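Subject: Structure for your review

Dear colleague,

I am passing on the structure below, followed by an account of what was found in it. Please read the two side by side.

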Amino acid sequence: MASGGETVLAPARAGRRALHVATGALLVVLLAALWLLPGWVPYFYVFVATRILLMGLFAASFNLIFGYGGMLSFGHAAFFGAGAYTSALVLLHFGWPLVAVIVAATIVAALLAWVIGAFCVRLDEVYFAMLTLAFGMMVYAVVHQWRSLTNGSDGIAGFPLGRFGLGLDLQLADPAVYYRVVLVVVALAAVVLHRITRSPFGLLLTAIRQNAERVSFCGVNVRRHRLIAFVIAGAFAGLAGALFAPFNRVANPDMVHWTQSAQPVLMTILGGTGYFLGPFFGAAIFVLLETWITTYTERWMLFLGVVLAVLVIFFRRGIFGTIVDGLARRR
Amino acid sequence: MTPPRRTAVAEGSRAAGDVAPLLSVRGLSKRFGGVRAVDGIDLDVQPHETVALIGPNGAGKTTFYNLLSGRMQPTTGTVVFDGRDVTGLAPHEISRLGISRSFQITNIFPELTARENVEVALTAVHGRALRLFSRAAADSALHEEADALLARLGLVALATTRAGTLSYGDKRLLEIAIVLATRPRLVLLDEPTAGMTPEETRGVVELVRQLAASTQYTFLITEHDMEVVFGLADRIVVLHRGRVLAQGSADEIRVSREVREAYLGEPDD
């Protein structure tokens, strides 16, 4: 067994390194292609791509607590919305440069996640899901009814988008420029999130999903660990929302509605929870399907429902997961 | 109900005058509604002692473990570990102080590799649980430490195998590796050989014997297999209906009338 293990391990390790190199090369090509995208697609698709990137980050932040941490949140839009509203309000009232705006919005979302998470992480499974849903609805109610601050159901529009900051002279009003800003920020955020999933913290988070009790008997404060993951996820959702509001030109209560919380859940399951890039892939499929199908029919949810049902029944690991697993098996 | 009687003087308590006990339990009780699962247990365990806890099903062994390890809160009574009152602390706090346990039903991380299973515990012990940006997979010192523990359990060839696909016996051994990785001073093993083949059982007995001989650990073991108990224990404590029925050396327990009665039925009821 021991000697057999040696001979099996060596090629496996070499194979894994080759796989890493191939994955890295593929990602570089993908990022380069995305950077050049505005040059060769109609403008309409620059908007679609911006939306995919931001929803992808939103879904990836959700997957940190769901796919890695095993916490199914139905209230993640609260943090996306907190980011979006902070962004819109700060731009409207203070006219800060975009960099400062997204930092402020991320912090506000993280703080909100801290408050909500402190209650939610005490519970497990369906009770956790229900409590996040309840908090999500409360945040929606506040946003919808605090008219003096949020302008109610009309939302906040007409805020100016000025400088980017950091001494960079960017024409943010140009959709292609804004798209590239989004691409860079989302790519950096994805690197940070990925790094977290591979850290000791991430290892324990994965362990908590599989067996929280065993982790606590290893000397880990499971509740605190889950809370920190929840806050990180909320912060990145807030970052996505912060960039979404200027892109959307309005921050409105739809962004905080529970149906908005369902989107990262659907995207993540569509793409695959088991892989870091699954949620981004799922967001792309979701937004593209929505874009294409709604040009033919209003009933796009019906089609989405069929696609999801097929996936959940036949491809449990999601589209991205199924593809990656298929490739791995052929090797 | 008969009051707890001691049929024999505990062998381990001979040292009680010289050394403070590592674990000192006084009047520990746990009630579930009207049922007293644990009913006033007093027990001292000396450093480096191996104590076996035996008793029929429902005697309160697992509940007793749950009280010691923080999984349940006692109704009354105190648990003092190494001079410190640990009664009612959370499991992670008790684990950090040096009490670690295994479970009757195998309790591992099925989707992680065997090595990662051990690294979860090592990460916690080294206080790295909240490191967000270092790469866990690049920590070769951690891998070595984990592999050394796996080697001790004879699992090192399976280090990169997913724990969920290990054989039943190997899963149980892996859990012991996780327990040891938390660097406990007091190890609570809950039926460590349950469901194992005779060969695997002998392996576990040998392992515990070696670990006990290293004088790093103090063991509390529940076990149904009397051969294992008699082979390992410095002292045997018999629980019955949540109480200490008897305690003493293997020979003393073997000939005890009360123990036979508890196991063979209850002629005095």
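What distance separates the centres of domain 1 of chain B and domain 2 of chain B, taken over C-alpha atoms? The two centres are 27 Å apart.

Before the rest, a word on conventions. This is a predicted model, in which local features need pLDDT of at least 70 and side-chain atom pairs count only at pLDDT 80 or more, while totals for chains, interfaces and linings use all residues. Residues are numbered from 1 along each chain as its sequence is written, and chains are lettered from A and ligands numbered from 1 in the order in which they are written.

The domain assignment of chain B, with bounds that come from an automatic or database assignment, gives domain 1 as 1-98 + 186-269 and domain 2 as 107-183. Eight residues from domain 1 of chain B and seven residues from domain 2 of chain B take part in the contact, where two residues are in contact if their C-beta atoms, placed from the backbone, lie within 7 Å. The side of domain 1 of chain B that touches domain 2 of chain B has four nonpolar, three polar and one charged residues; here Ala, Val, Leu, Ile, Met, Phe, Trp, Tyr, Cys and Pro count as nonpolar, Asp, Glu, Lys and Arg as charged, and the others, Gly among them, as polar.

Chain B holds nine helices and 10 strands, taken as DSSP runs (H or I, at least four residues, for helices; E, at least two, for strands) and numbered from the N terminus. Its radius of gyration, 19 Å, is close to the 18 Å that the globule rule gives for 269 residues, so chain B is as compact as a globular protein of that length; the radius is taken over C-alpha atoms, and the rule is 2.2 Å times the number of residues to the power 0.38. Of these 269 residues, 48% count as buried, that is, with 20 or more other C-beta atoms (placed from the backbone) within 10 Å of their own. One residue to look at is B:Val244, which lies in strand S10 (residues 243-248) of chain B and is buried, with 22 other C-beta atoms within 10 Å.

As for the partner chain, 34 residues of chain B are in contact with 27 residues of chain A. On the chain B side, helix H2 (91-97), strand S6 (99-101) and helix H3 (114-125) each give two or more residues, and H3(B) gives the most, with seven. By class, that side has 17 nonpolar, nine polar and eight charged residues.

With kind regards

How values were computed: Buried ≥ 20, exposed ≤ 12 C-beta atoms within 10 Å, placed from the backbone.
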